[in-house]
Amino acid sequence: MADLTTLRDSLGALKDRERVAERLLAASARHSFDPDRELDWDQPWDPDLWYWPPELVSLYDTPLWYRMSREQRIALSRHEAAALASLGIWFELILMQLLVRHIYDKPATSAHVRYALTEIADECRHSMMFARVIKQGGTPAYPPAGPHHQLARVFKTFSTTPGSFVATLLGEEVLDWMQRLTFPDERVQPLIRGVTRIHVVEEARHVRYAREELRRQMVTAPRWERELTRLTSGEFARIFSVAFVNPQVYTDVGLDRREAVAQARASAHRREVMREGARRLTDFLDDIGVLRGPARHMWRRSGLLA
């Protein structure tokens, strides 16, 4: 059996799993938040502020955008923020189940398992925080489309371990990039900025944990599992890119749904936003050998890879 302490990938020597987890546990002890206490949930919404940076709204810089009033644009940002929070809850429910599966057979006293449990606790708080901000904003929740909901049920039951961590990173890193632009933006509602700040700080640890474990899995997993991970990652990318904007938001702000969907899909600005949001992730996946063969073509078709 290979000595795991000497294994390397294209990014260098693999880090010791326990040491990584111990550092993340220490960071969690220093920088974890209770959203119910940290955020001012009683502060009224400012009618002149956005709920999401306008450049990140799906119709930004389209012909339809220029026909919309400022009030309608802000309303669209409010509904899209709610739809992204709904998407975040869906992703986190999947992630929590994948993490429980990952640690099921591992030593309960290890730092690696303790950190996974810490992350699950983080994700529980995030899901409750997202649900509360949706309700506070007075919009509907926006669940995933039925087929995506059922596909996720199959995936979280049968996913390979590296496949689980690819999906985790896909669900975390694009939203993280957008939220890093959101929380310092003074054009955005203070409550939204507070929610995104908490999420960014805590998700940084989750991304580190997932990246280190995926690197290890892409070296140690059987060849068939690595190949299956490459193929399923391309399907994840397709589902993610479709699910990222719920078309019901257009109807709910009084837009023609078909026209809005068509213009969002045709938008060069929107394509660039999604590619830029995924760039750190796709660079990393390319480095560790996930984006090989048919997988690269599938990622390009998803719009997340140039």
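Visitor: What relative accessibility does Arg208 have?
Guide: Arg208 sits in helix α8 (residues 190–220); helices are DSSP runs of H or I with at least four residues, strands are E runs with at least two, and both are numbered from the N terminus. Buried means under 20% relative accessible area, exposed over 50%, and partly exposed in between, with a 1.4 Å probe and protein chains only. Arg208 counts as partly exposed because its relative accessibility is 29%.

Visitor: What kind of model is this?
Guide: Residues are numbered from 1 along each chain as its sequence is written, and side-chain values use heavy atoms, with hydrogens and water left out. Local features need pLDDT of at least 70, side-chain atom pairs count only at pLDDT 80 or more, and totals for chains, interfaces and linings use all residues: this is a predicted model.

Visitor: Which residues does Arg208 touch, not counting residues up to four places away in sequence?
Guide: Contact means heavy atoms within 4.5 Å. Pro143 is 65 residues from Arg208 along the chain, with 28 Å between their C-alpha atoms. With residues up to four places away set aside, Arg208 touches Lys15, Val20, Arg23 and Leu24.

Visitor: Is α1 roughly parallel or roughly antiparallel to α8?
Guide: Axes are lines fitted to C-alpha atoms, for helices over the stretch in contact, and angles run from 0 to 180 degrees between N-to-C directions. The axes of helix α1 (residues 17–30) and α8 come within 10 Å and cross at roughly 175 degrees. Angles under 35 degrees count as roughly parallel, over 145 as roughly antiparallel, 65 to 115 as roughly perpendicular and the rest as oblique. That makes α1, relative to α8, roughly antiparallel.

Visitor: Which residues of α8 meet α1?
Guide: The α1 side includes Val20, Arg23 and Leu24, which Arg208 touches. On the α8 side are Arg205, Arg208, Tyr209, Glu212, Glu213, Arg216 and Gln217.

Visitor: Which residues does Phe244 touch, not counting residues up to four places away in sequence?
Guide: Phe244 is among the core residues that touch the most other members. Beyond four places in sequence, Phe244 touches Leu84, Leu87, Val174, Leu175, Met178, Arg270 and Met274.

Visitor: Is α4 roughly antiparallel or roughly parallel to α7?
Guide: Helix α7 (residues 161–182) packs on α4 at an angle of about 155 degrees, with the axes 10 Å apart. The contact includes Leu84 and Phe91 of α4 and Gly171 and Leu175 of α7. By the angle, α4 and α7 are therefore roughly antiparallel.

Visitor: Is the crossing of α4 and α6 left-handed or right-handed?
Guide: The axes of α4 and helix α6 (residues 146–158) come within 9 Å and cross at roughly 15 degrees, so the two are roughly parallel. The contact includes Trp90 and Ile94 of α4 and His148 and Phe155 of α6. A crossing is left-handed if the near helix is turned anticlockwise from the far one by less than a right angle, and right-handed if clockwise. The crossing of α4 and α7 is left-handed, while that of α4 and α6 is right-handed.

Visitor: What relative accessible area does His79 have?
Guide: His79 lies in α4. Leaving aside neighbours within four places in sequence, its contacts are Thr139, Pro140, Tyr142, Val249, Asp252 and Val253. His79 is buried because its relative accessible area is 7%.

Visitor: How far apart are the end C-alpha atoms of α5?
Guide: The expected span of a helix is 1.5 Å times one less than its number of residues. Helix α5 (residues 111–137) has 27 residues and should span 39 Å. Just after α5, Gly138 takes a positive phi of about 75 degrees.

Technical notes
Core = buried A, V, L, I, M, F, W, Y, C linked by side-chain atoms within 4.5 Å.
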